[in-house]
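Please open the structure in your viewer and keep the selection tool at hand.

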Amino acid sequence: MKSFRYKNRKFTIMIIFAIVIIVYICRLFSIQVTDTTYRESAKSNALYNRTIHPLRGIIYDRNNNMVVGNQPYYDVTVTIREVKNLDTLLLCSYLDITKDYFDERMSYIKDRNRNPGYSSYTSQVFMPQLSVEEISDFRENLYRFNGFAIENRSQRQYHYDVAAHLLGDLGEVSKSEMDNDDFYNRGDYIGKQGVEKFYEEQLRGEKGVQVMLKDAYGRIQGSYMDGQYDIPPQAGKNLVLGIDIKLQELGERLMQGKIGSIVAIEPATGEILCMVSAPTFSPTSLVGRHRSENYNELYNHNQKPLLNRTIMGTYPPGSTFKTAQALTLLEEGIVDNRTTFPCSNGFVYGRLKVGCHEHSSPISLAPAIATSCNSYFCWGYFRMIGDEKYGSVQQAMTVWKDYMVDMGFGYALGVDLPGEKRGMIPNAQYYDKLYNRSWNGLTIISNSIGQGEVTLTPLQIANLGATIANRGYYITPHVVKQIEGDEIDSIYTSRHYVNVSRQNYELVVEGMRQSVIDGTCTAAASELYEVCGKTGTAQNNGKDHSVFMGFAPRENPQIAIAVYVENGGFGATYGVPIGALMMEQYITGGLSEASEKRAEYYADRSIDYGNKAR
Amino acid sequence: MVTKRVNILSNIDWLTVALYIIVMICGWLSICGAASDVDATQLLSMSTRPGKQLLWMVCALGLASFIMLITKDFVEKYSYLIYALSILLLIVTIFIAEDTKGSRSWIDFGGFKIQPAEFTKFTTALALARFVDTNKLDLSKWSSLLKSAVLIMVPLLLIICQKETGTAIVFLAFFLVLYREGMTGNLLLIGFCMVLFFILGIKYSDVTFANQVFSVGVWLVLSMVQIITTILVWMYSKERRITAITFYINICGMVLGMSVSMLIYPFDVTILQIILISVVILLLIFRGLMDMARQYFFIALFAICSVGYLYSVDYVFEKVLEPHQQVRINVILGLEDDPYGAGYNVNQSKIAIGSGGFSGKGFMKGTQTKLKYVPEQDTDFIFCTVGEEQGFLGSAFVLILYLGLLLRLVHLAELQTSQYCRIYGYSVACILFFHVFVNIGMVLGITPVIGIPLPFFSYGGSSLWGFTILLFLFLRMDSERTAR
C-alpha cells in the first residue's frame, strides 16, 4: 500500500517537534536558572540611576573677566499618568502658550514613533529651557497642576555679546556623537563649534549619579541605601583665553557693516588676543528655546555669518605676502640689502606686465617693502625660479614652497578651534599638471605679490606678522592659554623656528618700519610706540580687498595683527586705520579721544555688498 | 447533521480539546500579566485587552462548536471553492486595506478588524489535502511536487505583497506535510541547510573565537558541511572504507586543525577546512567515476554547492546589497544593536525571561513586562510574560503543553483512514509547530525576529479564530472517523 510507504516518516516529524521543544527548554534553563546576568540586568532595570549633570567649565578672558558662565534654566515636565483634573487654559496662560501648542506637545510626547522613550509613568519634557522669569508665574501655581513638575539644569550665559565664533555653542548630541562616546545620553548637550567643541572634554566635567529606587510602575520611591552609591558630579575645568575681551569688542565694533576678519596675536606666546570674524552674531542667540530658529536664520543668511572667516576664509594675501618673499629671496641669496631692481611703473618682461605705482627707480629691498613695489618682488621671484643653481624650475619651485610651508602657509596651523582651513601654496606638480610641464617664473609671477594661486587664512597672515615680530619663530596660535588643573598642549608652548636668519628678518622689519614712517601705511603710526606694518590690496573678482599686517612696538613686540576687509579697496582705506586702532587699544589699554572719534567713524562706515550670496 | 451531533460529544478527541483550552487560559493569564495599565477589577472590562481577549475566547469556543457541525464531506466537497474565495479575499485586501505600520493586511469592518491572511492557512491546507488526495499524487515525483507547491506559493506570494513576510513564511510549514506524503527528504535537508548557512554565515561572520583569526560563521558552516557530507556518505555508500576515509579526512582533520590552532599556533582553520572538503570532493568524484555510482556525485555536488553558497552569501551581502538592506537583514536577524529596533526587543525579552528565575515572580508581579521594557508584550512577545511571572517551571510547562498538542495531532493524523484527512491533520500540526518554533525561538533569541503570534496564546481575535477553525475542522474529521 502506498500510504504505508512513508508511514515511518511520522517518527521523523515527531522527532523534529520534540528536538525543537527540548532545545528550547534547555535554552530556557540556561537563561533562567544557570545564567545570572539576565537577572542582574533586570535588577538594574528596577534601580534608576538619576544623572546629575555637572556644571560646565567657566571661560575667562586673559584679564580674568568671566566671558562665559552658567545660568539655571527650567524644563517643565509632565508625567501623563499623574495628570488629573487639568485646567488646560489656565496652564496655557501661566506658561504663555496657546492651546494648539499644548495639544501639539502632548501628542508629540505620547507618540512612540517620535518620542521612543515614552512611558506614561515617567516624566517627559513638556517645555524645555525656560528662564527664571518665564517660569516664575507657573512655579507659584504648580500645585494646581497634578503631574507637572519643574526640573532645573543650566545653560550657557554670555557676559559679553561678542566672540560668538571662537567661543562656539552647545547643542543636543546627535546620534553619531552618542555612538562615538558613551558619555552622552539622549538630550545631553555637547559643544558644536569653537572652544566649546575643541575643549569639550575639559569643559564637560564628570556626570554624577544618584541611585534611586523605583517601583513596578517606574515611579521614584526615594534614594537607594541612603545615597551610599551616589557619585557627586564634578564640574568641568575652567578655561582662560588669551583673548582680551575689550580688544575683541572694539574689533567687532570696527568691523560692523563689513565682511572680513581681524586676528591679533601676542608674538612671544602665540596667544590669540582677538579673533573677529564679520559679520557676526550674538552668542546668546544660540542658547535656549529659540536656538534652532535663530540657527536656521543665520545659516540661510546670504553673508554666511556662521562662518569663522579668520580660520575658514582663504584669501589672496596681497602685498602682505611680499614680506615672506623678501625673507625667502634674502635667505636664498637671490638678493641682498644692496640689490636693486628697476621699476618703470611696473614689471615688464616681453608682453607680460605687472603694474606698479609711482616711486623712485631702481629700488632696493627696504624701500620696496615700504612702497610695496610689485616690480621688485616680481624680478626677485623671476630670478629665483629661473636660477640655474636649482637645476630646474620645478626644483626651484619646491625650494620656494618649502619656505612658505616653513612659515606656516599651505597647511592648517593647528589652532585650537575646529574647522581650520589650510589655504593654498601651489607646488611644482600643481603647475606641471596645470600647464602640462611647460611653465617658468613668468607664468606664475603673481605668486610673488600674494596673488595668483596663493591663498592664506587671516590667521596665517597674523601669524606671519608674529613671526616677523619675533624675528624668526612662531608659537602655534591658540585661543586658550590656560586650563584649570591641566596643561595646554605642548604645541602651544614650543617655538617653531623658520629656516631664515635673524639678520634677514631685521631687514624686513626695517622695511615694514619705513612703510609706517613714509610708505604705504603712515596712518598706522603712533607717537607712543614704533609700529611696523605692511599693507595689502588684494585683487579678486570684485572690488579689491583691503589688508593690513603689522606689529608693535618694534622692539619687544606686544601685538601682531592682521586685518582683512573684503572689498574694502586699498589697504590704507580700512586695513591700516582699523589695525592702528586695535594696536592702540591693546598697548595703551584704551583709545585716546581722537582715536575714539576715528573708531566711531570706522564703526559707522559700511560697505555695500549687495544681496548676492557669499 | 442532527444525527451526528450526539456522536460528536462522545467521539471528539477530548484530550486535544483539553490541551486547547488549557493553552488558551494560560495565554489569557499572560495577557493579564502583561497588561500594565490594569488592576485586578478591570480584567473583565471590555475596555482592556484581557477583557477583550476573554470575549474573543468565548467567541472562539462558539466558533469551535459551530465548526463541529460542519461535516467532513461538506468541507471536502467545497475545499477548492473555499480556497479560491480566500485567495480572492487576499487579493482584494491588498487593494482596500489601509496601511498599518507598513503592512496592508487588515480589513476594517467598521471598527472590527480582521486579517484574512490568518484564515488562508486552513483554506490552503484544505485545498492541498483535496488536491493530493483526489489526484492520488505521488509526491516523490517532481511534477506532482511542483503542482502542489503552486497551491502553497500563491497565498504565500500574495501575503508577501501585503508586507506580512512573517505570516507568509509560515506557509513553508506545508513542505513538512509534503515530506510526510512522499516528498524527498533531501529537499528538506537542502532547505534547512540553506536557511541555516545563511543565518550562521551572516550572524557570526564578524565574530572570532578568543585568540583566533578566522570567522566563527564561516567555520560553523564549513564544519556543518563536513559533518553532513560525512553522514551522507555513511548513509548512501555501501563501502565502509569510503565512509571511514571521509570521516578521517573531514572530522578528524578538522578537529586536529582546531586543536593546533587553539593550543599551539593560531591559524586560519577555515582554509584547512576548504582543503579537506576539496580532497573529499575529489575522492567522491573519483569513486563515482570508478563505480559509476550516482550518489557520490550528488554528495560531491552538495559539498560544492554548500561552500559556493556560503561564499556567495557573504559576497552578495557585503558587495551587492546596499547598506540599508544590510541593516534590514541584520535587524531581522537580531544582529544590529539598534536600541529602538529589533535588537532591543530581543535583549529586553531575554532580560525579562531571565529575571523570572526558576519559579517566577508570581502572577501579575512581573516588573520587566509591566514596565513596558518589552514591546509587543501581549502579542508576539507574550512568552516573555510567562517566563518572567511563571519562571522556568511555567514556561517549560507551556512548551510541554505545546509538544503534547503537536504529538497528539500527529498521532491523530496517522490514525485517519483517508489521505485527505491525514494531510489536513498534518497541516494543522505543522502550522502550529512552525508558529511555536519561530515565535518562542525569537523570544529566546534563537530564531530571527519574525513577528508571528503564538497559537491560542497571543492577544488578538483574528489569529485565535484562525487557529481555532484550523484545529476544529480537523477534530470534526477525526470525530467522524471514530464514529464510524
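Two packed helices are described by the angle between their axes and the distance between the axes. An axis here is a line fitted to C-alpha atoms, and angles run from 0 to 180 degrees between N-to-C directions. Please bear in mind that this is a predicted model.

First stop: a helix pair. Select residues 240–264 of chain B, which form helix 12, and residues 269–291 of chain B, which form helix 13. Their axes are 10 Å apart, and the packing angle is about 170°. Helix 12 of chain B is therefore roughly antiparallel to helix 13 of chain B, since angles over 145 degrees count as such. Now display the side chains at the contact: helix 12 of chain B contributes residues including B:Ile242, B:Ile249 and B:Met258, while helix 13 of chain B contributes, among them, B:Leu272, B:Val280 and B:Arg287. Of the contact residues, 11 are nonpolar, six are polar and one is charged.

Second stop: a sheet. Move to chain A, where five strands form an open sheet in the order 12-11-20-19-18, with antiparallel pairing. Which strands stand at the edges? Select 271–278 (strand 12) and 532–538 (strand 18) of chain A: each has a single partner strand, so one side of each lacks a neighbour in the sheet. On average, neighbouring strands of this sheet are turned by 5° against each other, direction ignored.

Next, select residues 545–552 (strand 19) and 559–565 (strand 20) of chain A; seven bridges join these antiparallel strands. A:Ala552 is found opposite A:Ile559 of strand 20 of chain A.

Last stop: a helix across the sheet. Select residues 458–469 of chain A, helix 19, which lies across strands 11, 19 and 20 of chain A. Helix 19 of chain A runs at about 150° to strand 20 of chain A.

Technical notes. Residues numbered from 1 in each chain as written. Chains lettered and ligands numbered in written order. Predicted model: local features only at pLDDT ≥ 70, side-chain atom pairs only at ≥ 80, totals over all residues. Pairing = 2+ DSSP bridges. Helix = DSSP H or I, 4+ residues; strand = E, 2+ residues; numbered from the N terminus. Contact = placed C-beta atoms within 7 Å. Parallel < 35°, antiparallel > 145°, perpendicular 65-115°, else oblique. Nonpolar A, V, L, I, M, F, W, Y, C, P; charged D, E, K, R; others polar.
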